[in-house]
Amino acid sequence: MKAVVHDRYGPPEVLRVAEVDRPEPAEDEVLVRVHATTVTRTDIHMRAAKPFFWRFMLGLRRPRRRILGLEFAGVVEAVGSSVTQYEAGDRVFGLRNGSHAEYVCVRESGLIARIPDNLGFEEAAAVCDGMSQGMNALRAGRVGPGTRVLVYGASGSCGTATVQLGAYLGAHVTAVCNAKNVELVRSLGAEEVIDYEREDFTRNGQTYDVVIDAVAKHSFLRSRRALAPNGRYVATDRLYNFPLAWITKWIGRKKVVFDVTGYERDDVLLLRDLLDAGKYRAVVDRTYPLRDVLEATRYVESWRKTGNVVLTISHDEKGARQ
Ligand SMILES: NC(=O)c1ccc[n+]([C@@H]2O[C@H](COP(=O)([O-])OP(=O)(O)OC[C@H]3O[C@@H](n4cnc5c(N)ncnc54)[C@H](OP(=O)(O)O)[C@@H]3O)[C@@H](O)[C@H]2O)c1
């Protein structure tokens, strides 16, 4: 099968499309023929091994896992002998390492669900990662009905998800983004939108119960003024937030919180229900064929994408069930 591989850490140019062995499903796994996947920020971190700590997980000198990719959407090709919930032809989506490939094996009990009928492969591939990050950030901030939450970087993958989920949870969402995305984030559920090029949200006199830095370009120190007395700043990246979280746990009323939960199967199932009910929307900026993975990766690295960047993989469509 075709897959995007990398044999060393480095710039996007270390990626290449190559022929590799097709995986065989274990007895509790389904083999998915991937129709769409995405290039995420996590792929960028893993490919470059930046920050350095990624090497402790991925291989000190070179990557042990050659194929990147986290999100997939496709059709079940075959199932292991003990699989009961899926059969060949089912349309599925979810999260699995190694999804930049024509086929991927996923445990039946893993991060996988059926694609709602109203959704195409490209949209289904572009929802799980951002949603998981967004949900974890909202949980870390203890966001619920009536919480005044500000989402900084509301136009990215994590940001567009956080705005939608915050509104779903009943919070009052203020989104901060560039002028070109104001209408988009409003349509996703933001009640107020601030253009960060024209207004500094820390200097407009408003305060928020929770500030979520969904793009990791702001900071606790800069946000402090905009936090309510017991407010929480939710970090999504940057290692220095760990010691800040520890210090603010003991000192001061305004806290830094950091979620390290990772991906939850229940979130994928919740997402499926929200998509099915029309309460959640995929935000896809650009779509590239798999062979253009370099171009797609460079675009993601530009920090200018709106929502998500999808890679499509063409197959013979025979056997796909709706
Ligand atoms: N993909 C995920 O869900 C995921 C997974 C793991 C970790 N994370 C962490 O979450 C963070 C965000 O990742 P992401 O994939 O969601 O990012 P992203 O989609 O690449 O973010 C791009 C967006 O951020 C906006 N932006 C860029 N610079 C900004 C600034 N200085 N102020 C405000 N907005 C700015 C851009 O809008 P404009 O061009 O309009 O300014 C663009 O729409 C990263 O630190 C990442 O490590 C995310």
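In this predicted model, the largest nonpolar core has 93 residues, and the members that touch the most others are V32, V151, A175 and V211. Domain 1 (2–127 + 282–312) and domain 2 (130–258) each contribute at least three residues to this core. In soluble globular proteins, nonpolar side chains tend to be buried together.

V32 shows what such a position looks like in detail. Apart from neighbours within four places in sequence, V32 is in contact with F72, G74, V76, E77, V92, Y103, V104 and V106. Contact here means that the C-beta atoms, placed from the backbone, lie within 7 Å.

The overall fold comes next. The protein has 10 helices and 15 strands. Its radius of gyration is 20 Å, close to the 20 Å given by the globule rule for 322 residues, so the protein is as compact as a globular protein of that length. The C-alpha trace spans about 60 × 45 × 35 Å along its principal axes. Of the 322 residues, 47% are buried. Among contacts between residues at least 6 apart in sequence, 66% join residues at least 24 apart.

The ligand is the remaining topic. Both domain 1 (2–127 + 282–312) and domain 2 (130–258) give residues to the shell around the ligand, which therefore lies between them. There are 27 residues around the ligand, and G156, C158, N178, A216 and D237 come nearest. Three helices, α1 (41–48), α4 (128–140) and α5 (157–168), each supply at least two residues of the shell. Sorted by class, the shell holds 13 polar, 7 nonpolar and 7 charged residues.

Technical notes. Residues are numbered from 1 along each chain as its sequence is written. This is a predicted model: local features need pLDDT of at least 70, side-chain atom pairs count only at pLDDT 80 or more; totals for chains, interfaces and linings use all residues. A residue is near a molecule or strand if its C-beta atom, placed from the backbone, lies within 6 Å of it. Helices (H or I, at least four residues) and strands (E, at least two) are DSSP runs, numbered from the N terminus. Ala, Val, Leu, Ile, Met, Phe, Trp, Tyr, Cys and Pro count as nonpolar, Asp, Glu, Lys and Arg as charged, and the others, Gly among them, as polar. Domain bounds come from an automatic or database domain assignment. A nonpolar core is a set of buried Ala, Val, Leu, Ile, Met, Phe, Trp, Tyr and Cys residues joined through C-beta atoms within 7 Å. A residue is buried if 20 or more other C-beta atoms lie within 10 Å of its own, exposed if 12 or fewer, and partly exposed in between; C-beta atoms are placed from the backbone. Two residues are in contact if their C-beta atoms, placed from the backbone, lie within 7 Å. The radius of gyration is taken over C-alpha atoms; the globule rule is 2.2 Å times the number of residues to the power 0.38.
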